[in-house]
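Here is a structure to question term by term. Each label is set against its cut-off.

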Amino acid sequence: NNYDSVFLAHHLSHFEKISLARFAQGSTIIHLYGRDFKELYVCIPIDKQEQQKIAEVFIACDKAIDKTAAKIEKLKKIRQGLMQDLFRYGIDEHGQMRSETTYRFKDSPLGRIPEEWEVKTLEQLDIEIIDGDRSENYPKQEDFLTDGYCVFLSADNVTVNGFRFDAVQFISKEKDQKLRKGKLKFGDVVLTTRGTVGNMAYYDQGINFQNIRINSGMILFRILVNHIKFFSASF
């Protein structure tokens, strides 16, 4: 009766996995026994009301996070719907979506599209599709650095929402110069082809790293002419 369960729940959730791992047992399946938790130290205010006030702060934070997550999910659905319409109907000179009542449309393998549009495969466009370097110079584990000249992308760096650089591995300038294809230029689009397939990221000048290479589980798209622009889209 001297402790607030909500406070305790948030306090326990603060423990990192690495802190709990020292109590874990097993090799194939790692597990914890109930008795293991008895050895955990927790810092508890003596005053239960203080515990509850601290818990209320976390409850308010959780509610705010839930509301934000719901808004983000709603915006994603709106964005997906807009993409389906805009990539089929386009926008007129007034910035309004075209409709078949005001513009002429035609049938295509992708459905009804504006009459002046074309449907082509990527192979028919002036786009180069580039693999990463898979030669004998491909970096080994001992070649990766925590800091260095060139970012060598991992699967964690190319997400469903684009690039993410929370954890980054590097290779030296010397190693980079030994590799041939697979180095990014501004305007390239990276696509994951192994593991989580289909994540895409657009490399522009807003990215802080000047030297980036894809790994063997990725390809990049490079536009060869200036009348085509890439959009970060979900297929």
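Q: Which residues have the most contacts inside the largest nonpolar core?
A: They are L153, V158, F163, L184, V190, I212 and I214, in a core of 15 residues. A nonpolar core is a set of buried Ala, Val, Leu, Ile, Met, Phe, Trp, Tyr and Cys residues joined through side-chain atoms within 4.5 Å. A second, separate core has six residues, including I127, L191, I219 and F221.

Q: What are these values based on?
A: This is a predicted model: local features need pLDDT of at least 70, side-chain atom pairs count only at pLDDT 80 or more, and totals for chains, interfaces and linings use all residues. Residues are numbered from 1 along each chain as its sequence is written, and side-chain values use heavy atoms, with hydrogens and water left out.

Q: Why is F163 called buried?
A: Its relative accessible area is 16%. Buried means under 20%, exposed over 50%, and partly exposed in between (1.4 Å probe, protein chains only). F163 therefore counts as buried.

Q: What makes F165 partly exposed?
A: F165 has a relative accessible area of 23%, so the label is partly exposed.

Q: Why are the rings of F163 and F165 called stacked?
A: By the pairing rule, the count comes to seven aromatic pairs. In this one, the ring centres are 5.4 Å apart and the planes stand at 20 degrees, so the pair is stacked. Rings of Phe, Tyr and Trp (its six-membered ring) pair if their centres lie within 6.5 Å; planes under 30 degrees apart count as stacked, over 60 as edge-to-face and the rest as tilted. F163 and F165 also belong to one aromatic cluster with F170 and F209.

Q: Which residues does F163 touch beyond its sequence neighbours?
A: Contact means heavy atoms within 4.5 Å. Not counting residues up to four places away in sequence, F163 touches L153, N157, V158, L184, V190, A201, Y202, Y203 and I207. F163 itself is placed in strand β6 (residues 162–163). Strands (E, at least two residues) are DSSP runs, numbered from the N terminus.

Q: How do you know that A201 is buried?
A: Its relative accessibility is 2%, so A201 counts as buried. A201 lies in strand β9 (residues 200–202). With residues up to four places away left out, A201 touches V158, G162, F163, D188, V189 and V190.

Q: What makes β8 and β9 a pair?
A: Two strands pair if DSSP finds at least two bridges between them. Strand β8 (residues 189–192) and β9 are joined by three bridges and run antiparallel. In β9, A201 is the bridge partner of V190, and Y202 is that of V189.

Q: How many bridges link β8 to β11?
A: Four bridges pair β8 with strand β11 (residues 218–223), in the antiparallel sense. There, V190 stands opposite L220.

Q: Which way do the residues of β8 point?
A: V189 and L191 point one way; V190 and T192 point the other way. All of them are buried.

Q: Why are β3 and β9 called edges of their sheet?
A: The open sheet has four strands in the order β3-β11-β8-β9, with antiparallel pairing. β3 (127–131) and β9 each have a single partner strand, so one side of each is left without a neighbour in the sheet. Neighbouring strands of this sheet are turned by 20 degrees against each other on average, direction ignored. Such angles come from axes that are lines fitted to C-alpha atoms (for helices over the stretch in contact), and run from 0 to 180 degrees between N-to-C directions.

Q: What is the strand order in the sheet with mixed pairing?
A: The order is β7-β4-β10, three strands in an open sheet. β7 (170–171) and β10 (212–213) are the edge strands, and each pairs on one side only. Strand β4 (residues 150–152) and β10 run parallel, joined by two bridges. F152 stands opposite R213 in β10.

Q: What makes R35 a charge over a ring?
A: R35 lies over the face of Y33, at 4.5 Å from the ring centre. The rule asks for NZ of Lys or CZ of Arg within 6 Å of the ring centre and within 35 degrees of the ring normal. R98 lies over the face of Y103, at 5.1 Å from the ring centre.
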